[in-house]
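Let's take a walk through this structure together. Have a look at the sequence and the model, and then we'll go through a few spots.

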Amino acid sequence: MSYTNEDYLPSFEELTVPEIQLTSAVLQAGAHQYGKYCDDTNKEFMLCISETKDPRKCLSEGKEVTKCGFEFFGKVKRDCHEEFTKYWKCVDVSGTTMELKGCREFQSIFDNCIKEKLGQDRPPLGYFSKIRVHESKRPKPPPLPHPLPDALPEPPSLDKAPEPNMHPYNPQL
Amino acid sequence: MASRTFKQDMPPKGGFGPIEWTKGVPKPKWSGYKQFSVFTGFTLASWAIWYRGELVRRREMLEMREARIAVYPLIEAERHRLYLMHCRKNRDEENELMKNHPGWITGTLYGKRPYHNVRGRFIDQSCESFYAHNKPKDMTDNTDSKFYHDLWK
């Protein structure tokens, strides 16, 4: 009961894109390298979301994010399949929260492979937690118009107001 | 029956000793200064060991948090698409359900919109509205879990 037929809601065709079918251990294991690889795309998407607060207006950015994810994990699968599989299988069984601290040996092998094939270093600790400035080509969306009702008529001026009646018993007043 | 000689009960030779009227407090092995300094030293050493581990633990927590931050846009993009898809399904369902009801306009309660939205912002609708065409259990399953349907958390 929230959207009328006139409200814009994207159609199913616009919303249907191939989604990444990866389990949580894979995402957890590849998170840092993925975040570095798709840094600009991700920041663009998050900036759009925080500026507009409207998922309808950030669909194209979101699709770019998913596309970039496909690109990164496709490259990993092509170039570092064996190293990455060992790594995420270790992460999968290293505790309830999939801690990365138990898999440093596999992690360094995977990072070396990424460095060799994709030419990308592992981001230093604190890279994603820092405040990062993003230069976006998209102009900042202006605030939405706020139509207000017509102003009330002005009250009559006191100068033109008629003199009040004199006091009925004391005419000097 | 042997003859018993009478013996008077008398104090020991030299008399009784002095009466002990003070409280018997054992003498401490360590003096107070030494006890306190040992306590302080031990506490400081324990704190230093704990703090070294704490720094390591903080680094590990930061690493885990960063992994989540890095993947967040990927999951968020997919989640927004699913959310909008569900909104669309809800609207189609309402059109279909209320088509024979006279005076009903989709998205309104007999012509009155439920949300005050002059600026045309995106409506973050209520949970009950979002799951209006689902089973009640679908809503409680989602609201009870951490993957809450709410867009902005």
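A quick word on classes: Ala, Val, Leu, Ile, Met, Phe, Trp, Tyr, Cys and Pro count as nonpolar, Asp, Glu, Lys and Arg as charged, and the others, Gly among them, as polar. With that, the lining of the second largest pocket sorts into six nonpolar, one polar and seven charged residues. Among the 14 lining residues, Glu51(A), Thr52(A), Lys53(A), Leu144(A) and Arg121(B) are the closest to the pocket's centre.

This is a predicted model, where local features need pLDDT of at least 70 and side-chain atom pairs count only at pLDDT 80 or more, while totals for chains, interfaces and linings use all residues. Residues are numbered from 1 along each chain as its sequence is written, chains are lettered from A in the order in which they are written, and side-chain values use heavy atoms, with hydrogens and water left out.

Now for the backbone. Most residues other than glycine have a negative phi. Lys53(A), though, has a positive phi near 50°, and Met98(A) has a positive one near 55°. Is Met98(A) buried or exposed? Met98(A) counts as buried because its relative accessibility is 17%, and buried means under 20% relative accessible area (1.4 Å probe, protein chains only).

Finally, the two chains meet. The contact (heavy atoms within 4.5 Å) takes 53 residues from chain A and 45 from chain B. Between them there are five salt bridges, each a side-chain nitrogen of Lys or Arg within 4 Å of a carboxyl oxygen of Asp or Glu. Arg122(A) and Glu63(B) are joined by a salt bridge, at 3.7 Å from N to O.

Conventions
1 Å grid on protein atoms, 1.4 Å probe; cavity = no way out; pocket = protein on both sides within 12 Å on 5 of 7 lines; lining within 4 Å. Buried < 20%, exposed > 50% of the residue type's maximum accessible area, 1.4 Å probe, protein only.
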